[in-house]
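Please keep the sequence and the structure open while reading.

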Amino acid sequence: MDQLDEILRSEVNRRAFITRMGAAGLGAAAVSLLAGCGGSSATTAVSGFGDPVNFPGIQGRSQDDLVLNFALTLEILEADLYRQALNKASGRPAGAALDATAPTSPSDRGSYTRTIPTGAFANQQLADVAFLYLVQYAYVEAAHRDFLNVAIQSSGGTPVTRNPGGYNFPLGDDLFSITGLIYAVEETGVRAYLGAAPFMSNAAITNGLLATAVAIHSTEARHSAAVAYTLGLEAGPVFALAGVTPGRRVTDGVAAAVGAPYRQQTFQYFSDPAVVLNAVQPFFG
Amino acid sequence: MKETNSLLETAAPAQREESRGASDIVRGAALAAAGIGIAALGSARRAQAQGTKPLLTFNDIPGTGNIKVLNYALALETLEADLYVQAIARLQALGVPANDAALTYVQSFAQIEADHRDFLRGALGASAITAPGQPLATASFDFGLAAVTDPNAILNLLYLVENTGTQAYLGAIKYFTDYTYIAVAGGIQATEARHTATVAALLLSRGVTTDPNGNPVSTAPLSNNNNGIDIINLEPTAVLAVVTGPNGFTIIN
């Protein structure tokens, strides 16, 4: 019952729990389940505010903090993936930081040049474009990370920090295979943001925080599609992708008689935050 | 570089002092929408239209709270779905081959926009802005495509509209009253973002580097542009002021 106690403590969790159960057709059961578990004492004393069911291992002062720190956890990881991938693709040392000068136009590769083989791109143009995106998005993910870090701090919160042991990624030896990994991680990020956003507070709807989270998700979706384009894949979203956290449907539980069932690419899929956090653990050094 | 990729700048084309390197499609579409030189543009559909072009504001969108936001989305999806239909017809009329990569993507995106429109119609039922008696029940849209001869210009308009739609959803989020439709709206929004990025990639591959408003075509905001994050301040009334009204695309028949 402890997990349900955690849910009971938070209005947002209760709502999210009921929504999820409702999507599975278990709405009434969800409510009665919560009612039956009222009053038992929690056995886990947490410092700060935690949600071990939905955001295991993440701390914050509020539900919004948890979502932002969840996002920051992923952005730190993603920024490091891009940094490592770009270093490998351009013959830089694995530990090198991003060059100080970020691209200033959509055709700008900064100071980077591809040195590894291109691999299985359909043509040279797509390979060149994939490398261009590698450079541009490396700086964007770093910017997301830095933005979230500042946003959490400036609101008085404690941002999560980089994993002390760093991150290990199975980077291939050509640009095409590296781009494939980028695609999988970007798509996981899109699903993560969409799955986490509904856990934010009512205040977040009106104060811009929710819109900001969805706006970051929007850019990750752009990245995912652009990278898919270079790989010769459809724009997506694709429901089942190797190496990507399982997708769930936003239309579950929302009545819509007209047009159902929908084409695969009609709605972005989401993943539960806890599922994402578990899925990225293998990358933590 | 400021993120300004929106339709806002086409709102008053006659007032713009500089051309900004705008392509003929912008002038063509803007002029058609403004009702200027209709005969010269030769659009048969336009000549037959007897409707009016009222200016809509967010206040005019039916419903309150969540319903109003969904209806705003439905208005844009209805316009977008029709743009795609017209764009495909024009691209084919211009002789773009069936296996052209851009046409293939555009055809698949067209289906998705129709899905979005149909989903929102279903969710809103009689309250839908497109339902009988509601503001867009008898709406049609004129994008001036009959006068366009460059396929790249059509793609560029699609890019501009998709980019605007991507930002429009973000600007509307704060008007939701609870989380009932947040996931669904986010789910649709992400696909608009995907379409935008894909069309941007197609445009860049075809040598088109500026959108109809003269802003750089980019798959996503660069790191020095709002921290690489899409803007969240595009107001519904601002978007509606461009797509409806005398200078807009929306005709009420």
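Helices here are DSSP runs of H or I with at least four residues, numbered from the N terminus. In this predicted model, helix α4 of chain A covers residues 63-89, and A:N87 lies in it.

A:N87 counts as buried because its relative accessibility is 2%, and buried means under 20%. What does A:N87 touch, leaving out residues up to four places away in sequence? The list is A:R92, A:P93, A:A94, A:G95 and A:A96. With A:A96 there is also a polar approach: a polar atom of the A:N87 side chain lies 2.9 Å from the backbone oxygen of A:A96.

The second topic is the interface. On the chain B side 52 residues are in contact with 59 residues of chain A. The two chains bury about 4,500 Å² between them, and 66% of this is on carbon and sulfur atoms. Within chain B, the residues that lose the most area to chain A are B:F119, B:Y179 and B:R194, which together account for 18% of what that side buries.

Polar and charged pairs also occur across the interface. Between chain B and chain A there are 19 residue pairs in polar contact, both residues being at pLDDT 80 or more. The salt bridges between these chains number 3; one of them joins the side chains of A:R222 and B:D230, at 2.9 Å from N to O.

Which helices of chain B each supply at least two residues of the side that touches chain A? They are α5 (101-124), α6 (151-172) and α7 (182-205). The largest share, 17 residues, comes from α7(B). By class, this side of chain B has 27 nonpolar, 19 polar and 6 charged residues.

Methods:
Residues are numbered from 1 along each chain as its sequence is written. Chains are lettered from A and ligands numbered from 1 in the order in which they are written. This is a predicted model: local features need pLDDT of at least 70, side-chain atom pairs count only at pLDDT 80 or more; totals for chains, interfaces and linings use all residues. Side-chain values use heavy atoms; hydrogens and water are left out. Buried means under 20% relative accessible area, exposed over 50%, partly exposed in between (1.4 Å probe, protein chains only). A polar contact is a pair of N or O atoms within 3.5 Å; within protein, one must be able to donate a hydrogen and the other to accept it, and residues adjacent in sequence count only if both atoms are side-chain atoms. Contact means heavy atoms within 4.5 Å. Buried area is the accessible area (1.4 Å probe) that two parts lose on being put together, summed over both. A salt bridge is a side-chain nitrogen of Lys or Arg within 4 Å of a carboxyl oxygen of Asp or Glu. Ala, Val, Leu, Ile, Met, Phe, Trp, Tyr, Cys and Pro count as nonpolar, Asp, Glu, Lys and Arg as charged, and the others, Gly among them, as polar.
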